[in-house]
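Please examine the sequence and the model displayed below. The paragraphs that follow treat individual loop residues and then the packing of a pair of helices.

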Amino acid sequence: MEGVSVRKIKKICVFCGANSGKDVAFVNAAFHLGEVLGKRKIDLVYGGGKLGLMGCVSTAVAQHERQVLGIIPSAFTINNLVGETCGKEIKVATMQERLVMMMELSDAFIALPGGFGTLEELFQMISWAQLNIHNKPIGVLNINGFFNGLLSFVDHAVKQEFITPRARKILISATTADELFDKLQAFRFEPDPALSKLKWSPSSSQKEKLDLTLRL
């Protein structure tokens, strides 16, 4: 990437399903993403446990001797609901606290295929970037076109003038882990001039209340 300054990424947060999905390609891609992170000496932040694609990614990263941090609500640890986290584990009280900690401890975010929880995490990070709460890159690994419909909907929202072209640039997509990682490194945040004046305190209770209210 000659002529382009490269963002230094040491920790990536991965959002993905606690199920493996119908297509074996999802599992293979999750393992491969973990391998790519390991080979690039990137540590993993994720939602904890060993279920589904979450377990695939974390296992692969750990096998390459990189640090794995699972951030998990205490409710999920009762009766070993999600299995043992592959690495260090931090227990939190709420889902919101989990997401805030993920944001603060990560340098970038990747979403793999998943359900409502994955989509909530992805769009929460996007809306927080739009609100200038963080300026970290966010991308989806579009395995076998899994996110095609989602990306088309986002583009439709741009055409209908609910999402600005500037905000649309926040969401990156690629079909391979290496391509996505290169795009995340090259990402340059372009804050909305009006929203860039907002000031947020990372750990204030007021911020958390506003985040919930202003969710887009």
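Lysine 41 counts as exposed because its relative accessibility is 58%; exposed means over 50% relative accessible area, buried under 20% and partly exposed in between, with a 1.4 Å probe and protein chains only. The model is a predicted one, in which local features need pLDDT of at least 70, side-chain atom pairs count only at pLDDT 80 or more, and totals for chains, interfaces and linings use all residues. Residues are numbered from 1 along each chain as its sequence is written, and side-chain values use heavy atoms, with hydrogens and water left out.

Lysine 41 is located in the loop between α1 (24-39) and β2 (43-46); helices (H or I, at least four residues) and strands (E, at least two) are DSSP runs numbered from the N terminus. The phi of lysine 41 is near 60°, a positive value in a residue other than glycine.

Glutamate 161 has a phi near 65°, likewise positive in a residue other than glycine. The loop between α6 (148-159) and α7 (165-168) holds glutamate 161, which counts as exposed at 72% relative accessibility.

Helix α4 (residues 95-105) and helix α5 (residues 116-130) have axes that come within 11 Å and cross at roughly 60°. The two helices are therefore oblique, the class left after angles under 35 degrees (roughly parallel), over 145 (roughly antiparallel) and 65 to 115 (roughly perpendicular). Axes here are lines fitted to C-alpha atoms, for helices over the stretch in contact, and angles run from 0 to 180 degrees between N-to-C directions.
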